[in-house]
Amino acid sequence: MKPIKIALLSCNHGHGKSYYDLINNPFYELKAVSVEPGYKDKIFLEKLPGIPKYDSDEELYANHPDIEAVVVASANRKHISQMRVACEKGLHIMSMKVPSFDMDEYDEMIDITEKAGVVCQVELEMRESAEVLRVKELIEQGAVGKPLSITALNYSHNPVWWRPWQCLPEDSYGKRVRIRTGEERFRGGALSDHPHIFDVVRFVTGSDYESVFAEIAPNIRDIETEDLLHVIGKLKNGMTYSLDPSYANDEHRVVRMYNWQKYPRCVEVTMNVVGTEGVIVADVYGRAFYHNGGETGEYSALRCGPRGLWNKRMDEFYHCVRDGKKPTVGLREHRRTIEVMNAAYDSVLTGSVIKL
Amino acid sequence: MEKINTVEEGLNKLLGMLEIPVPEYEFIPRSGNELCDYLVLDGVRIPLLWWHYHEKFCGMKDFTEANPGKNCCINVYSFTSKDESISQLLYREIDIAEWLLGSRAKKITAFSAGGALNAIVVMNNATVANLELAVTMPEGALPQCQHRLLTTNGMANDRVVDTVTVQSAINVFARSPKPDVYTDLESWLYGLTPDDTNKVECALALVRKMENKDDFISADKHLRKAVKAALKSADKEATCTVEA
């Protein structure tokens, strides 16, 4: 087994920290990280002892010419420029969950990675969830009869004060697009941050989106992007669906990082499946424990999970790079999900059902 | 242990306990395609919106009334058994959403497949209800639901932390691997189901005139239009406005 020499870029994406465990992964040699300006004190760099940290990608590349792969862990707007450089250098890429909302830019990503002959895998960790796999199997086994409807909810506490780019339309959606006429809000909020449930519906049903209708509710926060949003429609196999990708767990007033995971949970993912013979009610991200022993005595929820295992998507990435396998979700496979998310924004804009 | 077996028995008992004369009344349970139960009182047929007396919804209503923040949306899943119709479930869930959000439905977009219906309801005050409904559970199954109200100052939820299914007060692990469950809400109405207990409480409030019958009658008229709009929307797969 030959470890892959890898670097993390920018590290200010919400998922960036989940790649810090590469430091313990025998399949990788984490060579260095670059840090987005302004984020040095906000992204837990102390969890990477002994790993060189640079203020720019250029500096990182200059000091580590032997790097073979990068994790593009930056704000959405920056993905394209970092991918261009990575492709020029022939580096394999682990992409964040939203490569780009600009479909021309997205197609350029497909083009340059394929021409460079590098692996570009998109992180969609919900596909690795044992609970999601169980729901998929139950549907396939006909546990609730013929499936009629699927619903999925992905709530999170973002945007948090220590990651301000997430509520800036340009950084999140890539540009400033008014969410609809007369609204003082812009694309780039909760919808832009939650592709997982759009992907998971395709994954567990084996179907694709036929129509989409979306509506925004009044915000719970004073931000200029949407934070509450509902999406419904039909799949090509006749099932209805309902998705709720909202920033519904409001932590924006929390000022202490150490105690920000409050009730109910910082992140929630639930799924329900309705069939002709019954329903499945599933909490697919439910592993949390609760305590009130923190500094302020507040009731806090902390996610827990199996120990001793590392990030599974990086296991797949390793075999793609070393053994020539194809990622389950690459840029081409993920393109449809991004299209549907854009259609949801178009539905909010027009107030009508969008046929896909 | 004295057990109460019917809504009428329960209402008569409560009136007796409160030393209120029992008026002439008739309780008409929902049947067939009817959308709700009725209480006939003083010759007036009053729709019984008994879920307004569900303890969790009452708690959530109290929360909204005391909350310094503004309501934004309510997210609902509600699954019941095959002996209920989508129209009946829509009627109840639209009413709960309107009651908690403090506004009536203005327009509805819905999609349906068999016994499942998904709808987004926009209220007159711009708040939104997201309804995920189904009537495909086996008969006798405990209906499952969640109502999560999101506001600018916190949230309220009828499912407590770490639960996505309805919890029971008493769980007996004895005769089968799955527990027998019991939820008894009111000792004076011991023996009644939670729903029937709420029906008695609602009827009692109407008899005592603590609840204005005209409010229920007006809500019923509107709710029928809202149900009609939702079904029409699901049929056309386009947004429909609720008749004023």
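**Which residue of chain A forms a salt bridge with Lys82(B)?**

**View 1. A salt bridge links chain B to chain A.** In this predicted model, the partner of Lys82(B) is Glu277(A), and their closest N and O atoms are 3.0 Å apart. Between chain A and chain B, the count is 4 salt bridges. If you are curious about the total over all chains, it comes to 47 salt bridges.

**View 2. Here chain A meets chain B.** Chain A brings 48 residues to the contact, and chain B brings 44 residues. Together the two chains bury about 3,400 Å², with carbon and sulfur atoms giving 62% of that area. Look across the interface and you will find 16 residue pairs in polar contact. On the chain A side, the elements that give two or more residues are strands, among them E7 (147-156), E8 (211-216), E11 (267-275) and E12 (278-283) of chain A. Sorted by class, this side of chain A has 22 nonpolar, 17 polar and 9 charged residues.

**View 3. Helix H3 and helix H9 of chain A come together.** Two packed helices are described by the angle between their axes and the distance between the axes. Here the axes of H3 (residues 103-116) and H9 (residues 331-350) of chain A come within 11 Å and cross at roughly 175 degrees. Because of that angle, H3(A) is roughly antiparallel to H9(A). Residues to look for in the contact include Met103(A), Tyr106(A) and Ile110(A) of H3(A), along with Leu331(A), Arg335(A) and Ile338(A) of H9(A). By class, this helix contact has 6 nonpolar, 3 polar and 5 charged residues.

**View 4. Glu36(A) and Lys78(A) pair up within chain A.** Their side chains meet in a salt bridge, at 2.8 Å from N to O. Glu36(A) sits in the loop between strand E2 (28-34) and strand E3 (53-54) of chain A, while Lys78(A) sits in the loop between strand E4 (69-72) and helix H2 (79-88) of chain A, so the pair ties together parts that are 42 residues apart in sequence.

Notes. Residues numbered from 1 in each chain as written. Chains lettered and ligands numbered in written order. Predicted model: local features only at pLDDT ≥ 70, side-chain atom pairs only at ≥ 80, totals over all residues. Heavy atoms only, no water. Axes fitted to C-alpha atoms, helices over the stretch in contact; angles between N-to-C directions. Helix = DSSP H or I, 4+ residues; strand = E, 2+ residues; numbered from the N terminus. Parallel < 35°, antiparallel > 145°, perpendicular 65-115°, else oblique. Contact = heavy atoms within 4.5 Å. Nonpolar A, V, L, I, M, F, W, Y, C, P; charged D, E, K, R; others polar. Buried area = accessible area lost by both parts, 1.4 Å probe. Polar contact = N/O pair within 3.5 Å; in protein donor to acceptor, adjacent residues only side chain to side chain.
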